[in-house]
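Please work through each task before reading its solution.

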Amino acid sequence: MSFLKKLFSSDSPKREEPVVLLELRSPNCPITAIVEQDNQVAYFYLWGDEDSDFGVKACWIRNLDEAPIDTDLKQMEEGVPPMLSKAYCKFPEGQMPLKIDDLEIVWFEEGDAAALLEKGEVIAIIPSWAGINGFSGYARDCAGEGEYCWELQSSNILLGRIAKAKEYWQLWDQEINPFQIIQPQLLQQYENNLGNSDQYFAIDGNEWPPRGLFLKKGEVKDVFVTVGLSLLPMPGVEMYSEHPNEINRIELGLLLDSGLPQEELNLIGSWISGQASIPWKRISWFGNGHTITFNILSNTKITSVVLVKHLNHLPDIELDDYRDSQVNILWMIPITENERNYIMDNGFELFSEKLNNIGSEIFNIHRNEIDLN
C-alpha cells in the first residue's frame, strides 16, 4: 500500500499523544533534555527554562512508520512533531519504537548541549549551535541534511567530546572528585604568586558545583580569586571563537588597594560569589573586555567592572591547563558608567590603553574618572 493510500485509508493509524521516555536536567545550566515518542516519530528536545533566552531545540531521532514523501507543513503549524521525509531517511519504512531501558542522555561538559545514546551508541546530538540557520542537530538514522536533522557520520568530532563528557561526569562519582583534586592545586598556585591566603570561603551554597574564594589581605593590595570555576567550560564560547579551548575556562579575580573596611570586603566577596555562576545560569560566557554591573558600594563612582586578562600592573599568573583547555584568570577592573559606555561604543582595546596609562590607579575604587577624550 502506498503512503498516500495508507494516509487516507480507514486503517491508517491515528496520531497519538507523545509519551516522555526520558527526562534529564542539565547539571549546570537551566535546560532540560527530553525524549518523546508517539506512534509515528521520536524526537530529542532541549528545553530552556521560561526565564532564559534558550528556547526549545528539537532534533528528529527516527520515524516509527513509513516516511512521507514531503514535509507535512500543517503538522508543523499545529505543533505536531513532524516525520522526516523519505529522501532523508536511512529507514524509509520506519523503525521499531525506542525503549526506555535502552536510552541514556549525556550532557556536554558545558551543560548547554546533549547527546542521546541507545544501548551505548550515540543516535542524536543537539550541539550548542543548534537552532541557528535552520540546523536542528545530528541523527544517526538521517541521510544527508534533512529538514529536522543532519546525518550523524562516524567522523563527527562531537562523538569524541561526548565520550570525554561521559567520562568527566563519572569522575564526580569517585571517592575523590575533581574539585578535591583541583582545589589544593589552585590554592598553591595562588599562594606562590600572591602570598598565603588570609581567608578561604566556600561560595557554592552547599550546592553543586563546589566553588571557593581565596582572599589575601595585604599591606598594599587586597586580592580575591575564585577557586573551581574552571572545572566547567563556559557555554557558547565555541560559537564566538575558532579556538574555544583557549578561553572557555576561567577563574575570576579582583585586586583593590588595601584599607577598605571589613564590611565592604565582605560585600565585595559576596558579590563575587554571585557572579561566579552567571555564565552557566545565563547560558553565556565571560571574556576579555566583557563588563559586569558592580553597584554595591555607595561611596564611589564605580558602577561596573571590566574583565581583563592582561594589563601592565596585573599579576601574570599562569595556571595549569585543565582537560585540554587553558585556564585564565579574568581580573575585574572597577570602572564608571561613562567608562563602560566608552567600551560599548569604542571597543575594549582602546580603553585598555587608557587603563595602562593610569597604572596602579586601576586598583583604587575612589579614583577619578579616566579622561575619555
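**Exercise 1.** Determine how many salt bridges the model contains.

*Solution.* A salt bridge is a side-chain nitrogen of Lys or Arg within 4 Å of a carboxyl oxygen of Asp or Glu. By this rule, the count is 18 salt bridges. The model is predicted: local features need pLDDT of at least 70, side-chain atom pairs count only at pLDDT 80 or more, and totals for chains, interfaces and linings use all residues. Residues are numbered from 1 along each chain as its sequence is written, and side-chain values use heavy atoms, with hydrogens and water left out.

**Exercise 2.** Characterise the salt bridge between glutamate 104 and lysine 166.

*Solution.* Step 1: the closest N and O atoms of this pair are 3.2 Å apart. Step 2: glutamate 104 lies in strand 5 (residues 103-107) and lysine 166 in helix 3 (residues 158-171), so that distant parts of the chain, 62 residues apart, are linked. Helices (H or I, at least four residues) and strands (E, at least two) are DSSP runs, numbered from the N terminus. Step 3: buried means under 20% relative accessible area, exposed over 50%, and partly exposed in between (1.4 Å probe, protein chains only). Glutamate 104, at 31%, is therefore partly exposed, and lysine 166 is partly exposed at 28%.

**Exercise 3.** Which parts of the chain does the salt bridge between arginine 161 and glutamate 110 tie together?

*Solution.* Step 1: the two side chains meet at 3.2 Å, N to O. Step 2: arginine 161 belongs to helix 3, whereas glutamate 110 sits in the loop between strand 5 and strand 6 (114-118); the pair therefore ties together parts 51 residues apart in sequence. Step 3: arginine 161 is partly exposed, with 25% relative accessibility, while glutamate 110 is buried at 10%.

**Exercise 4.** Are arginine 367 and glutamate 339 buried or exposed?

*Solution.* Step 1: their side chains form a salt bridge of 2.7 Å, N to O. Step 2: arginine 367 is in the segment after helix 8 (348-357), and glutamate 339 is in helix 7 (residues 337-346), 28 residues apart. Step 3: arginine 367 has 5% relative accessibility and counts as buried; glutamate 339, at 0%, also counts as buried.

**Exercise 5.** Where is methionine 239 placed?

*Solution.* Methionine 239 is in the loop between strand 12 (221-227) and strand 13 (249-257). At 36% relative accessibility, methionine 239 is partly exposed.
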